[in-house]
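Welcome! Take a moment to turn the model around before reading on.

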Amino acid sequence: MAQQTHTILTVSDLNERLIARAVPASRPVSFYLRLRMGPLRELARELADAPIDWSGFDYKTHYELNLLRGLIVAYGREPLEKKWAFYREYFRRAEDWSYVDSVAVTLSQKDKREIWKVIPEFARSPYPYLRRFGFVLALVFLVKDGPLDILWPLIDDHEPVYHVYMAIAWLLAEIFIKRRQEFLQYMNRCDLDVHIRQKMVSKIRDSYRVSKNDKEFAKIFKDKKVDQ
């Protein structure tokens with residue numbers, strides 16, 4: 001029996017597939033194809049374990065190609081260590097928070113205990129989008145039933161980068177909703193900057209999962225510690 005061979009795809013092949021799925025009127029427009037996430041995820045799943053030659057890859061080609069590359073790795077069956085090695089470089093060069101969030105929610109919940117182990121490394125990174133990756137991983141994989149004790153030391157009270165402190169605010173809002181007592185204990189001892197507190201309270205108050213009474217209660221966290 002002849003051995004089956006697999007065609008190695010190039011970056012040009014991927015571009016053609018992306019453009020074919022895009023709205024025709026959007027094709028010549030700058031950096032974005034305006035391709036919806038549904039078709040983009042479908043293509044990423046299709047290509048997850050396909051042989052691809054990435055040597056022609058350029059982050060400046062267009063947004064969807066960048067996002068596709070991160071999703072292909074997330075959907076793939078490679079060991080987590082290989083995925084982390086890829087994302088350490090991928091997020092160092094990222095210029096959009098959506099790359100981070102799209103990858104984080106794509107990774108498998110069956111790996112959550114292994115994912116807990118890398119959250120500290122990413123959350124402490126000098127690269128802002130790697131830090132965001134760490135906090136969004138915590139939101140997706142840790143908040144429901146993970147050990148929050150590994151999270152508290154990672155939160156930088158004075159995080160200066162907007163997309164990182166927004167992730168921290170989002171994460172804390174989720175903890176308020178899902179693990180109230182631990183949230184209150186943390187808020188009573190922490191020294192979060194006002195801008196993080198305000199964004200956190202805004203996230204809480206915007207949530208449809210929070211009662212009217214709790215939305216009013218959350219206002220007290222805007223600028224001070226509260227004993228509970």
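## The overall picture

What you see is a predicted model. The protein has 228 residues, and 49% of them count as buried. Its secondary structure consists of 11 helices and 2 strands. Starting at the N terminus, the order of the elements is β-α-α-β-α-α-α-α-α-α-α-α-α.

The C-alpha trace spans about 70 × 40 × 30 Å along its principal axes. The accessible surface is about 12,300 Å², and carbon and sulfur atoms make up 49% of that. Among contacts with a separation of 6 or more, 70% are between residues 24 or more positions apart.

Now find helix α4, which covers residues 80–90. Its buried residues are L80, K83, W84, F86, Y87 and Y90. Viewed down the axis of α4, these buried residues fall within an arc of 165°, so they line one face of the helix. They pack against α3 (63–75), α5 (97–104), α6 (112–123) and α7 (128–141).

On the face turned away from that buried side, you will find the exposed residues E81 and K82.

## A buried arginine

Next, look for R41 in helix α2, which runs over residues 37–47. R41 is buried but has no salt bridge. The nearest side chain of opposite charge belongs to D101, 9.8 Å away.

What joins the side chains of R41 and T106? The link is a polar contact of 2.6 Å. Leaving aside residues up to four places away in sequence, R41 touches L71, Y75, S102, V105 and T106.

Technical notes:
Residues are numbered from 1 along each chain as its sequence is written. This is a predicted model: local features need pLDDT of at least 70, side-chain atom pairs count only at pLDDT 80 or more; totals for chains, interfaces and linings use all residues. Side-chain values use heavy atoms; hydrogens and water are left out. Helices (H or I, at least four residues) and strands (E, at least two) are DSSP runs, numbered from the N terminus. Buried means under 20% relative accessible area, exposed over 50%, partly exposed in between (1.4 Å probe, protein chains only). Lys and Arg count as positive and Asp and Glu as negative; His and the chain ends are not counted. A salt bridge is a side-chain nitrogen of Lys or Arg within 4 Å of a carboxyl oxygen of Asp or Glu. A polar contact is a pair of N or O atoms within 3.5 Å; within protein, one must be able to donate a hydrogen and the other to accept it, and residues adjacent in sequence count only if both atoms are side-chain atoms. Contact means heavy atoms within 4.5 Å. The arc is that of the directions from the helix axis to the C-beta atoms. Accessible areas come from the Shrake-Rupley method with a 1.4 Å probe; for residues, only the protein chains shown count as cover.
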